[in-house]
Amino acid sequence: MVIDGELKSGLTSIQSLEVISKQIASNLVRESSRAADIIGYAITLLENFKFQVSKHQRLGYCDYEFAFVTFSISLRLVLQVQRTLDEVMLKFSDQLLEALEIQKGNFESIRDQVSLLVGQSHISSEDSLQRRFESLRGNIEYNKLQYLDFELSDSISCERLNHIIRKSPEKVLLLDFRSKKEFNYSHINFLNVVNVEPLVLRQVLEANANPTDMDLEVALAKNVDSHQIQLFKERFKFESVFCYNLRFGGLCNDRFDSLEFSLLHGDNNGLPSQNPFRSLINLLIFDNKYISSRLKQYPAYLRGGLVKWFQVFGESALTSETSKFHSSDTSLNSSKARETRSEITNSSYLRNFSDYLSTARSSSAASPVESNRETKATSLNGYHKSMVIHDLSGNKLANKNSNGEIRLDSIPVASKVKVPSGEIQKSNSGQKVQTNKSTIFLQLFTTGLTNLGNSCYMNCILQCLSSTPQLTSFFFPVVEENNIQVLQSYKQHINMKNKLGSKGVITTSFVKLLASMFNNSGKYFSPGSFKQTVGSLSPGRQFANSEQHDCIEFLNYILDSLHEDLNQRLIENAEERAAIMELSPEQEKAREFMPVRLASTIEWERYLKLNFSVIVDYFQGQYLSKLECLECHLTSTTYNAFSILSLPLPEKIAGSYVKVTLDQCLDLFTETELLDDDNKWHCPRCQRFTKLTKKITITRFPKVLIIHLKRFNMDLRGYFKKLDTFVTYPVEDVLDLTRFWPSVGTYVNSDPRSIIPKERENEILASFPNRYQTPPFRYNLYGVVNHFGNLTTGHYTSYVKKKKGSGNGKQWCYFDDAKVQFDCSKDQVQNMNAYCLFYLRVQ
């Protein structure tokens, strides 16, 4: 049974493991177009099984569940290939069957060990689930039975590791396997962390014919501080040692999901046999100069590394050595600060969105539909196995061959959208746009969307996005007298080199969806093709099933996918990108004492050097997060981009039918928060966990503001509950957020030596692009997503503001999947089930 993303070793039955094996094997067969791919999966799985067997032979234990599942899946896949008529594949499958038969004795031993552990646990599945919640509440003592899962497993989840280091920090040692520069910039906020550089390890292995752990200890003594080397010398005293790097282990919550994802996507992140820590672990547990220095147990690695840790716990869970350089003797007028300001001011950057429309490079402009050439598959989250993406009707959307090349020429494109005629003019960006009746049509169409089986989470978001004028006008800029034609001008902005994008697959499918909605105005249609495309490419095929999902997760995924497809990256060199992303100690120091407006602007221009798209320009804003130690008053301030503003509900009055205002939620979001207990910060200056405060300030407002009301909280028993608090928000009135925007002369640290005259600050700001950051910041509501029910069972609908059929005036329409209701009242739109609000800035 999978519990909170981790399979419980010693508690999972053979039957449960068989179910997991059968499901993964079925998914692999369904997603593979060639028998050769299935054979490749089987070989990889057998290699991982043999890796576990090798561990068992040397240690007396291994990851029994992972070994069981990998062998079972491999056998199922080989038997599947045996049904084919391909003689070559039959020959390979016969050889694999022989290899599996050789390992049969080892598999039976693994199976017996799993059965033994299940028998020892004496805990049913329901008890196991209750035990997990007890563990999260801290009611479990630290002993072998309760922590058997990570003692046997090769990996550990972020949630479990956090619980362990909070419960018994003195028993845990973390090994950060990254460069010293990366480590100093940021690492897990924990006292017992040692930086083991891959370069240092490689030098030890190359310099010694028979290297031992003591050789590594000697080398580390020259590269780390006294605190770290002392920890490393005492490594054998710790009950548990965990390794991590930037992202190895996959970003899926469950290790078997990571296994399936790695096989389908052709990467190694979910394969323990390919983990980058093996040489390090071998030194620490097998190649010991003295038996007394051997670790107590085989180290596990953190699934998803530092990236996943940050995603789960946020910036307060990370610390940076550069923070200790922050002091009150730094001001904006210092030479280093002036140098930093000059560097940013004089660098090249895009000054407005018109620049973006003109920066599409020839290398990024290849049409994923019109071009018949094949391009190297450097995106799609690392896909390199041969596969074909189909829609629900069986139409091929994209093809990928065995060389890792992807073809998108087969993606269908919407042809025409019939609309009334009107006058053609040019926009500021030089693109043709339709005025009068044609542009009105893009704001008045009403099309229902068929529910494909719990797909209401998708339908409600699509209704709001399709009614966002910035998106429709970008994808449909050119019109003719009697129709709008998708002339695919947006394709010149698709970045075919961006490894984080889909090479235009998702964007093209989204445009086709919009065109279908336009063509079916007054009716309804099935968005099955779009859902199939998104499901095929989402991490771990998250949206490929018929389960209920959070609409905010879906919205985040769609916005991120469109952004990465259309991202006009200005920097291609990896080292140059890293230099932009990382701040020097002097720059970190200067940011702490700069005026907020100036620091915000500099950080935004730095962000735009790597992120510039229609999504960034219209949907993204920025907020600062300031952490302050309450003992030494050291501060650490970060500036973060956002696409969705997630607001908490006031807890003191949270409950059924209690009304609060949206302004109150915004006040709560921006008020100073005390972090204590499990949320304490490991202060670099105090060298221990201390109480701290956290303060968020919205520093840049977007043109399209999306607000998420956080209605789901975890209670003291560890269960999620929904808050039915009635949040009132402006429907016909304007939402004015100007008071939340820090004006010139605002600082996060009020050191008199760092303050500069407002006139000088305005002068410096004038040298940067304004990018629409001029008050007032006033917004009109145009979309509301509603959620009915609870976390596991519920339904989503939406209200969207449309122009009336005559083009005069507007009306609120209610979309419940395929059903559409017109002329809804203000009281209907402002309702207690509101979950997500879409606002458009008033120019």
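Predicted model: local features only at pLDDT ≥ 70, side-chain atom pairs only at ≥ 80, totals over all residues.
**Leu280 and the cores**

I set aside its neighbours within four places in sequence and listed the contacts of Leu280: Leu175, Phe177, Val196, Leu201, Leu216 and Cys243.

Next I looked up the largest nonpolar core, which has 70 residues. Which members touch the most other members? I noted Ile73, Leu77, Leu175, Leu216 and Leu280. Helix H2, residues 35-59, gives this core its largest share, 11 residues. I then checked the domains. Domain 1 (14-119) and domain 2 (155-313) both contribute residues, so the core lies between them.

I also found a second, separate core of 58 residues. Among its members are Ile461, Cys464, Leu513 and Tyr835. I kept one general remark beside this: nonpolar side chains in soluble globular proteins tend to be buried together.

**Helix H19**

The buried list includes Cys456, Cys460 and Cys464.

**The parallel sheet**

I turned to an open sheet of five strands. I read the order as E3-E8-E7-E4-E6, with parallel pairing. Strand E3 (155-156) and strand E6 (193-195) are the edges, and each pairs on one side only. Strand E4, residues 172-176, runs parallel to E6 and is joined to it by three bridges. Across that pair, Leu174 stands opposite Val193. Helix H12, residues 226-233, packs on this sheet and touches E4 and E6. I noted about 105 degrees between the direction of H12 and that of E6.

**The four-stranded sheet**

I then took an open sheet with antiparallel pairing, in the order E21-E20-E27-E24. Which strands are at the edges? They are E21 (635-642) and E24 (673-675), each pairing on one side only. The twist from one strand to the next averages 25 degrees.

I looked at the pair E20 and E27. Strand E20 (residues 621-629) and strand E27 (residues 692-700) pair antiparallel over eight bridges. The bridge partner of Leu627 in E27 is Lys694. Helix H26, residues 596-608, lies across E20, E21 and E27. I recorded about 70 degrees between H26 and E27.

**Strand E34 and its partners**

I moved on to strand E34, residues 794-803. Seven of its 10 residues are buried, so the rest of the structure largely encloses this strand. I checked both of the pairings I had for E34. Strand E33 (residues 778-789) pairs with E34 in the antiparallel sense over seven bridges. Those two strands form a hairpin with four residues between them. In this pairing Gly783 stands opposite Val800. Strand E35, residues 810-816, runs antiparallel to E34, and six bridges join them. There I found Ser798 opposite Phe815.

**Whole chain**

The protein chain has 30 helices and 37 strands. Of its 843 residues, 56% count as buried. I looked up contacts between residues at least 6 apart in sequence, and 72% of them join residues at least 24 apart. The accessible surface comes to about 34,900 Å². Carbon and sulfur atoms account for 49% of that surface.

Key:
Residues numbered from 1 in each chain as written. Heavy atoms only, no water. Buried < 20%, exposed > 50% of the residue type's maximum accessible area, 1.4 Å probe, protein only. Pairing = 2+ DSSP bridges. Core = buried A, V, L, I, M, F, W, Y, C linked by side-chain atoms within 4.5 Å. Domains from an automatic or database assignment. Contact = heavy atoms within 4.5 Å. Areas by Shrake-Rupley, 256 points an atom, 1.4 Å probe, with all protein chains shown as cover. Axes fitted to C-alpha atoms, helices over the stretch in contact; angles between N-to-C directions.
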